[in-house]
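Subject: Structure for your review

Dear colleague,

Please find below the structure that I am handing over to you.

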Amino acid sequence: MDMNMNMPTVFSSSTEITILFTGWTTSTTTQYIFTLTFLFLLAIFNRFLGALKFQLEKSWSQHTSTPQTILLAPVNPRQSIRKAKLSPLPHYMRVHGDEDPDEDTLPISNNHIETRNTPTRHLKRDGPRNRTSLRCLLPSWTASGTWSLRKDGTRALLECVRALIGYFLMLSVMTFNVGVFVTVLCGVLMGELLLGRFSQGTGWQEGTCHGG
């Protein structure tokens, strides 16, 4: 089967190129310059969308975060305070997680610090089978917040638009035209210089080929 491969395999400096479809063919130098300008601005705009997504995620996380408080068990003032020789804590107080070598059980309480006079439930120590269970080996998934059409819809729309622009820039570079290649690189460079400090954690891959 004979197949005509029109895709170039080496770089060229011609001003007559075709991008994506035959209707977009630069037959003149002016059209070629306008095409390069459009690709340059499109690369910067894609970097802007990455910065916008990062700022939205940061704003949403700040509004959903709540401060955590640590509660301590009440101390009986009538009870005498005795300290162990090698422990800075009083004798009647026990920190959750400390265990005696002679005990087979560990106290469980709603607080991290408890008194010996407080009735507690006891749980047997985890055996080797429980420690190597599948649930302990696999990481747990934690959502950043409840599902919202406004937040998740905006996040999905921005990601879709960025993917569309990224693949468009990638296909434009695959024309193996020197001007197009340099223009897209300059657009990524300028976008990073202007907007890089507003989108920490994202790289040039997301700005050009969307994680490619």
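A salt bridge is counted here when a side-chain nitrogen of Lys or Arg lies within 4 Å of a carboxyl oxygen of Asp or Glu. The model is predicted, and by this rule it holds 6 salt bridges.

One of them pairs arginine 162 with glutamate 159, whose closest N and O atoms are 3.7 Å apart. Both residues belong to helix 4 (residues 149-173), where they stand 3 residues apart, about one turn of the helix. Arginine 162 is buried, at 3% relative accessibility, whereas glutamate 159 is partly exposed, at 30%.

About one helical turn separates the two, because they are 4 residues apart in helix 1. Glutamate 57 is partly exposed, with a relative accessibility of 25%.

A further salt bridge joins arginine 47 to glutamate 192, with the closest N and O atoms 2.7 Å apart. This pair links distant parts of the chain: arginine 47 lies in helix 1 (residues 29-64) and glutamate 192 in helix 5 (residues 178-195), 145 residues apart. Arginine 47 has a relative accessible area of 2% and is therefore buried, while glutamate 192, at 36% relative accessibility, is partly exposed.

With kind regards

Conventions:
Residues numbered from 1 in each chain as written. Predicted model: local features only at pLDDT ≥ 70, side-chain atom pairs only at ≥ 80, totals over all residues. Heavy atoms only, no water. Buried < 20%, exposed > 50% of the residue type's maximum accessible area, 1.4 Å probe, protein only.
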